[in-house]
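Please look over the sequence and the model below before reading on. The paragraphs that follow go through the sheets, the charged pairs, the core and a few backbone details.

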Amino acid sequence: MTKLALGTHPFLLGFEQLERLVERTAKSGNEGYPPYNIEQTSENSYRITLAVAGFAEGDLSITVEDNALVIRGRQSDDSEGHIFLHRGIAARQFQRSFVLADGVDVGEALMENGLLHVDLTRAVPQRVVQTIEIKKG
(Lines give C-alpha, C1' and ligand atoms only; values in the text may rest on other atoms or scores of the structure.)
Protein backbone atom coordinates (compact mmCIF):
# COMPACT_ATOMS: atom_id res chain seq x y z
CA MET A 1 0.00 0.00 0.00
CA THR A 2 1.45 3.34 -0.99
CA LYS A 3 1.22 6.49 1.09
CA LEU A 4 -0.46 9.41 -0.67
CA ALA A 5 1.42 12.61 0.08
CA LEU A 6 -0.19 16.02 -0.24
CA GLY A 7 2.52 17.21 -2.59
CA THR A 8 1.89 14.38 -5.05
CA HIS A 9 -1.83 14.93 -5.57
CA PRO A 10 -2.45 16.76 -8.87
CA PHE A 11 -5.03 19.18 -7.39
CA LEU A 12 -2.94 20.21 -4.38
CA LEU A 13 -0.03 22.08 -5.92
CA GLY A 14 2.32 23.78 -3.48
CA PHE A 15 0.99 22.08 -0.32
CA GLU A 16 4.24 20.27 0.52
CA GLN A 17 4.83 22.69 3.41
CA LEU A 18 1.47 21.77 4.91
CA GLU A 19 2.49 18.13 5.09
CA ARG A 20 5.76 19.07 6.83
CA LEU A 21 3.80 21.32 9.21
CA VAL A 22 1.46 18.49 10.19
CA GLU A 23 4.42 16.17 10.81
CA ARG A 24 6.21 18.83 12.89
CA THR A 25 3.12 19.47 14.97
CA ALA A 26 2.61 15.77 15.60
CA LYS A 27 6.21 15.45 16.83
CA SER A 28 5.90 18.33 19.29
CA GLY A 29 5.65 17.26 22.89
CA ASN A 30 2.24 16.64 24.37
CA GLU A 31 3.30 17.39 27.93
CA GLY A 32 0.66 19.03 30.05
CA TYR A 33 2.72 21.72 31.77
CA PRO A 34 1.88 24.50 31.89
CA PRO A 35 -1.81 24.24 31.04
CA TYR A 36 -3.06 26.68 28.43
CA ASN A 37 -6.16 27.95 26.62
CA ILE A 38 -6.49 29.18 23.06
CA GLU A 39 -9.45 31.43 22.38
CA GLN A 40 -10.65 33.28 19.32
CA THR A 41 -11.17 36.90 20.36
CA SER A 42 -12.46 38.14 17.00
CA GLU A 43 -12.70 36.91 13.43
CA ASN A 44 -8.97 37.50 12.88
CA SER A 45 -7.44 37.46 16.34
CA TYR A 46 -6.59 34.87 18.96
CA ARG A 47 -5.31 34.77 22.52
CA ILE A 48 -3.14 32.08 24.06
CA THR A 49 -3.29 32.02 27.87
CA LEU A 50 -0.81 30.00 29.90
CA ALA A 51 -1.13 29.34 33.64
CA VAL A 52 2.30 30.38 34.91
CA ALA A 53 1.71 30.88 38.63
CA GLY A 54 4.98 31.38 40.47
CA PHE A 55 6.81 32.78 37.45
CA ALA A 56 7.81 36.44 37.30
CA GLU A 57 7.97 38.36 34.03
CA GLY A 58 11.77 38.04 34.10
CA ASP A 59 11.49 34.23 34.32
CA LEU A 60 9.63 34.04 30.99
CA SER A 61 10.74 34.54 27.41
CA ILE A 62 8.63 34.71 24.27
CA THR A 63 10.21 34.29 20.85
CA VAL A 64 9.13 33.51 17.30
CA GLU A 65 11.41 30.92 15.74
CA ASP A 66 10.85 29.39 12.32
CA ASN A 67 7.08 30.10 12.21
CA ALA A 68 6.61 28.89 15.78
CA LEU A 69 5.75 30.86 18.89
CA VAL A 70 8.01 29.55 21.66
CA ILE A 71 7.31 30.41 25.29
CA ARG A 72 9.93 29.40 27.84
CA GLY A 73 9.92 29.63 31.59
CA ARG A 74 12.79 29.14 34.00
CA GLN A 75 12.49 29.90 37.70
CA SER A 76 15.52 30.60 39.82
CA ASP A 77 16.03 28.26 42.75
CA ASP A 78 15.10 30.29 45.82
CA SER A 79 15.01 27.36 48.23
CA GLU A 80 18.23 28.32 50.01
CA GLY A 81 17.59 28.88 53.68
CA HIS A 82 14.16 27.23 53.49
CA ILE A 83 13.31 23.91 55.08
CA PHE A 84 10.35 22.41 53.26
CA LEU A 85 8.23 19.84 55.04
CA HIS A 86 6.30 19.40 51.81
CA ARG A 87 7.13 20.93 48.45
CA GLY A 88 4.14 20.63 46.13
CA ILE A 89 4.76 23.77 44.10
CA ALA A 90 7.30 22.74 41.51
CA ALA A 91 9.99 25.16 40.41
CA ARG A 92 10.57 23.61 37.02
CA GLN A 93 11.32 24.97 33.63
CA PHE A 94 9.11 24.57 30.58
CA GLN A 95 8.97 25.21 26.88
CA ARG A 96 5.68 25.47 24.96
CA SER A 97 5.64 25.78 21.18
CA PHE A 98 2.74 26.80 18.97
CA VAL A 99 3.09 26.53 15.19
CA LEU A 100 1.94 29.73 13.47
CA ALA A 101 0.35 29.87 10.05
CA ASP A 102 1.70 32.29 7.47
CA GLY A 103 0.25 35.73 8.08
CA VAL A 104 -0.22 35.27 11.84
CA ASP A 105 1.60 37.95 13.83
CA VAL A 106 2.37 37.92 17.53
CA GLY A 107 1.09 41.02 19.26
CA GLU A 108 1.50 41.97 22.90
CA ALA A 109 2.01 39.78 25.94
CA LEU A 110 0.37 40.56 29.26
CA MET A 111 0.92 39.00 32.69
CA GLU A 112 -2.15 39.09 34.94
CA ASN A 113 -2.93 37.12 38.12
CA GLY A 114 -0.57 34.26 37.30
CA LEU A 115 -1.75 34.03 33.70
CA LEU A 116 0.34 34.95 30.67
CA HIS A 117 -1.76 36.22 27.76
CA VAL A 118 -0.24 36.37 24.26
CA ASP A 119 -2.32 38.01 21.54
CA LEU A 120 -2.11 36.93 17.91
CA THR A 121 -3.59 38.52 14.80
CA ARG A 122 -4.12 37.01 11.38
CA ALA A 123 -3.70 39.33 8.42
CA VAL A 124 -6.60 39.11 6.01
CA PRO A 125 -5.22 38.45 2.52
CA GLN A 126 -6.46 40.67 -0.25
CA ARG A 127 -8.49 38.92 -2.88
CA VAL A 128 -6.79 39.38 -6.22
CA VAL A 129 -8.10 38.36 -9.60
CA GLN A 130 -5.29 37.98 -12.05
CA THR A 131 -5.80 37.63 -15.80
CA ILE A 132 -3.10 35.68 -17.61
CA GLU A 133 -2.44 36.65 -21.20
CA ILE A 134 -2.21 33.78 -23.64
CA LYS A 135 0.57 34.24 -26.13
CA LYS A 136 0.77 32.63 -29.51
CA GLY A 137 3.72 30.24 -29.70
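Does Asn-67 count as buried, partly exposed or exposed? At 42% relative accessibility, Asn-67 counts as partly exposed, where buried means under 20% relative accessible area, exposed means over 50%, and partly exposed lies in between, as found with a 1.4 Å probe on protein chains only. This is a predicted model, in which local features need pLDDT of at least 70 and side-chain atom pairs count only at pLDDT 80 or more, while totals for chains, interfaces and linings use all residues. Residues are numbered from 1 along each chain as its sequence is written, and side-chain values use heavy atoms, with hydrogens and water left out.

Asn-67 sits in the loop between E3 and E4, and its phi is positive, at about 60°, although Asn-67 is not a glycine. The element names come from DSSP runs, with helices (H or I) of at least four residues and strands (E) of at least two, numbered from the N terminus. Another such residue is Asn-113, which is not a glycine and yet has a positive phi of about 55°. Asn-113 is placed in the loop between E6 and E7, and at 78% relative accessibility it counts as exposed. A further backbone detail is the peptide bond from Tyr-33 to Pro-34, which is cis, with omega near -10°; Pro-34 lies in the loop between helix H1 (16-27) and E1. For context, most residues other than glycine have a negative phi, and most peptide bonds are trans.

Strand E4 (residues 68-73) pairs with E5 in the antiparallel sense over 6 bridges, and Arg-72 has Gln-95 in E5 as its bridge partner.

Another open sheet holds 4 strands in the order E1-E2-E7-E6, again with antiparallel pairing. Its edges are strand E1 (36-42) and strand E6 (104-112), each of which has a single partner strand, so one side of each is left without a neighbour in the sheet. Here the twist averages 20° from one strand to the next. E1 and E2 pair in the antiparallel sense over 6 bridges, and Ser-42 stands opposite Ser-45 in E2.

Ser-45 belongs to strand E2 (residues 45-51) and is buried, with a relative accessible area of 13%. Its side chain makes polar contacts with the side chain of Ser-42 at 2.6 Å and with that of Thr-41 at 2.7 Å. A polar contact is a pair of N or O atoms within 3.5 Å; within protein, one must be able to donate a hydrogen and the other to accept it, and residues adjacent in sequence count only if both atoms are side-chain atoms. Not counting residues up to four places away in sequence, Ser-45 touches Glu-39, Gln-40, Leu-120 and Thr-121, contact meaning heavy atoms within 4.5 Å.

Which charged side chains pair up? A search of the whole structure finds 2 salt bridges, each defined as a side-chain nitrogen of Lys or Arg within 4 Å of a carboxyl oxygen of Asp or Glu. One joins Arg-47 and Asp-119, with the closest N and O atoms 2.7 Å apart. Arg-47 lies in strand E2 and Asp-119 in strand E7 (residues 115-122), so the pair ties together parts that are 72 residues apart in sequence. Asp-119 counts as buried at 19% relative accessibility. Glu-65 forms a salt bridge with Arg-72, whose closest N and O atoms are 3.0 Å apart; Glu-65 is partly exposed at 34%, and Arg-72 counts as partly exposed at 27%.

The largest nonpolar core has 14 residues, of which Leu-50, Val-52, Leu-69, Ile-71, Phe-94 and Leu-120 touch the most other members. Such a core is a set of buried Ala, Val, Leu, Ile, Met, Phe, Trp, Tyr and Cys residues joined through side-chain atoms within 4.5 Å. E2, E4, E5 and E7 are the elements that give two or more residues to this core, and E7 gives the most, with 3 residues.

How values were computed: Two strands pair if DSSP finds at least two bridges between them. Axes are lines fitted to C-alpha atoms, for helices over the stretch in contact, and angles run from 0 to 180 degrees between N-to-C directions.
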